[in-house]
Amino acid sequence: MLRHLLHPKPHTALAAVVALALGCAAPAARATTLVLYAAQHEQTVDQVVKAFTKETGIDVKVRTGEPPELASELLKEGASSPADVFFTANSPELTLLSENGRLAKVDPATLARVPPQYNSPTGDWIGVLARVNVLVFNTSKIKASALPASLLDLAKPEWKGKLAVAPTDADFLPLVAAVVAEKGRPAALAWLKGLRRNAMIFDDNEGVAAAVERGAAAVGIANNYYLPRLAVEKGADKMHSTMYYFGHGDVGALVNISGAGILKSSRRQAEAQKFLAFLVSTPVQQMLAKADVTFEYPLVAGVAANPALKPFDELQPPKLSIQQLSDDRDSAKLLREAGLI
């Protein structure tokens, strides 16, 4: 998860616009506090929570953590969990909670704001943002014409010493699940062992992006938001690296969904439903797209992505369903078998 302290630009008109979008005449009295378990990036959560409280008067208490850890905690807490809403960076954790009967149904009007392929098949969580896997590369170390056609090629001997990966970053787990879904478990294990031979290992994708930028590695596997965030910190005119988007349905072009669901055990169902509706309201999606903080793709129709990103409709991801990416636990087992964690 991103730990850099970026500062979003103020959006002074947001509250008024959101009020019109949600039909709110004025903020409610602060009699309710929602408990949000947040496994999304800190800056994204902070933006949304502040705007939500300003608009509705509902306070939000945030508990943060990595997606697998918080999902596991929610399962252990069961019906006694203090959580009202779970907002996470990756869909497998939502699928896990759904399969265990821990999530409530989302209001149909809220679900209808997002294309159905990005929501829970059973209607108990909603997609909020999307991200695509990319290869970040240092333009002084390697030419774009020399980059691999497939993510799987990075396990070949010619990439030894040129690659950076962060297998312990939660964002890496859905990518492993995607390789399993596309090629099978034995092939995925062989690919991971190839990465183990070839790659420099980092704790997180921020480390991968930074290593590529300084030239310690020629290329690195990461999601699309890490390099633009580094460019904000460093200055775009001082960058030595850029992003390469895999195409032709390659597994390397995996799109994964960040979403949110309401705990069935929540005693604040109405307020939680309001929070989910807020996340996918047009003004909030526009806020997240425009601010040089999030760099994720909005999922509501008509909201364009940040111009630093390739347009969403030009991406060429593999045709994998949310259900095919649902088992992070087996992905973690494979990483251990391959010696990457």
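The model is a predicted one. The protein chain comprises 12 helices and 10 strands. Its radius of gyration is 20 Å, close to the 20 Å that the globule rule gives for 341 residues, so the chain is as compact as a globular protein of that length.

**Overall form and surface**

- Taken along the principal axes, the box filled by the C-alpha atoms of the protein chain is roughly 60 × 45 × 30 Å.
- Buried residues make up 60% of the 341 residues in the protein chain.
- Among contacts between residues at least 6 apart in sequence, 78% join residues at least 24 apart.
- The protein chain has an accessible surface of about 14,100 Å², and carbon and sulfur atoms account for 55% of that surface.
- There are 36 positive and 34 negative side chains in the protein chain, and the centres of these two sets are 2 Å apart.

**Nonpolar cores**

- The largest nonpolar core has 77 residues, of which Leu-36, Val-85, Phe-86, Val-128, Tyr-245, Phe-275 and Leu-276 touch the most other members.
- Strand S4 (residues 126-138) gives the most to this core, contributing seven residues.
- Another core, of 37 residues, lies apart from the largest one, and its members include Leu-147, Val-179, Trp-191 and Leu-334.
- Leaving aside residues up to four places away in sequence, Val-85 touches Val-35, Leu-36 and Tyr-37, together with Ala-260, Gly-261, Ile-262 and Leu-263. Val-85 also touches Ala-272, Phe-275 and Leu-276.

**Helix H4**

- Helix H4 (residues 91-99) is mostly covered, with eight of its nine residues buried.
- The buried residues of H4 are Ser-91, Pro-92, Glu-93, Leu-94, Thr-95, Leu-96, Leu-97 and Ser-98.
- After H4 comes Gly-101, which has a positive phi, near 70°.

**Glu-314**

- Glu-314 is located in the loop between strand S10 (297-298) and H12.
- The relative accessibility of Glu-314 is 42%, which lies between the cut-offs of 20% for buried and 50% for exposed; Glu-314 therefore counts as partly exposed.
- Glu-314 and Val-114 are separated by 200 residues in sequence, and their C-alpha atoms are 18 Å apart in space.

Terms used
Residues numbered from 1 in each chain as written. Predicted model: local features only at pLDDT ≥ 70, side-chain atom pairs only at ≥ 80, totals over all residues. Heavy atoms only, no water. Core = buried A, V, L, I, M, F, W, Y, C linked by side-chain atoms within 4.5 Å. Buried < 20%, exposed > 50% of the residue type's maximum accessible area, 1.4 Å probe, protein only. Helix = DSSP H or I, 4+ residues; strand = E, 2+ residues; numbered from the N terminus. Contact = heavy atoms within 4.5 Å. Rg over C-alpha atoms; globule rule 2.2 N^0.38 Å. Areas by Shrake-Rupley, 256 points an atom, 1.4 Å probe, with all protein chains shown as cover. Lys, Arg positive; Asp, Glu negative; His and termini not counted. Charge placed at Lys NZ, Arg CZ, Asp CG, Glu CD.
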